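Take a walk through this structure, one stop at a time. Keep the sequence and the 3D view side by side.

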Amino acid sequence: MCDVKKYSLMFEDIKQLQPEDTLQLVLEAKSEEEQDFFEMIGNFLLQKKQKQIIERNLF
């Protein structure tokens, strides 16, 4: 069984990343798979921010 608390804490840490942080992670990725993973995280965070902006009628 996986350590749910560990992954929940990881999720909370990831949510705090800024766009320049995810770019740094992508640029310094050790493999294409790792690069893809960090790009997915960056896209997720961007979509979340876009959704918040649309909900607040700022777009």
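This is a predicted model: local features need pLDDT of at least 70, side-chain atom pairs count only at pLDDT 80 or more; totals for chains, interfaces and linings use all residues.

Residues are numbered from 1 along each chain as its sequence is written, and side-chain values use heavy atoms, leaving out hydrogens and water.

Start with helix α1, which spans residues 4-15. Helices here are DSSP runs (H or I, at least four residues), numbered from the N terminus. K15 and E12 both sit in helix α1. They are three residues apart, about one turn of the helix. Side chains of opposite charge can pair when their charged atoms come close. The side chains of K15 and E12 form a salt bridge, 3.3 Å from N to O. A salt bridge is a side-chain nitrogen of Lys or Arg within 4 Å of a carboxyl oxygen of Asp or Glu. The structure holds one salt bridge. K15 is partly exposed at 27% relative accessibility, and E12 is partly exposed at 39%. Buried means under 20% relative accessible area, exposed means over 50%, and partly exposed lies in between (1.4 Å probe, protein chains only).

Move on to helix α2, residues 19-27. T22 lies in this helix. Is T22 buried or exposed? T22 is buried, because its relative accessible area is 9%. Beyond its neighbours within four places in sequence, T22 is in contact with L17, F38, I41, G42 and L45. Contact means heavy atoms within 4.5 Å.

F38 is found in helix α3 and is buried, with a relative accessible area of 15%. Leaving out neighbours within four places in sequence, F38 is in contact with T22, L25, V26 and A29. I41 counts as buried at 11% relative accessibility. With neighbours within four places in sequence set aside, I41 is in contact with I14, L17 and T22. I41 and P19 are 22 residues apart in sequence, and their C-alpha atoms are 9.9 Å apart in space.

E39 belongs to helix α3, residues 32-55. E39 is partly exposed at 35% relative accessibility. E32, E33, D36 and E39 form a negative surface patch. Patch residues have over 30% relative accessible area and no salt bridge, and like charges are joined within 9 Å.

Conventions:
Helices (H or I, at least four residues) and strands (E, at least two) are DSSP runs, numbered from the N terminus. Patches are made of residues with over 30% relative accessible area and no salt bridge: like charges are joined within 9 Å, nonpolar side chains (Val, Leu, Ile, Met, Phe, Trp, Tyr) within 5 Å. Accessible areas come from the Shrake-Rupley method with a 1.4 Å probe; for residues, only the protein chains shown count as cover. Lys and Arg count as positive and Asp and Glu as negative; His and the chain ends are not counted. The place of a charge is taken as NZ of Lys, CZ of Arg, CG of Asp or CD of Glu.
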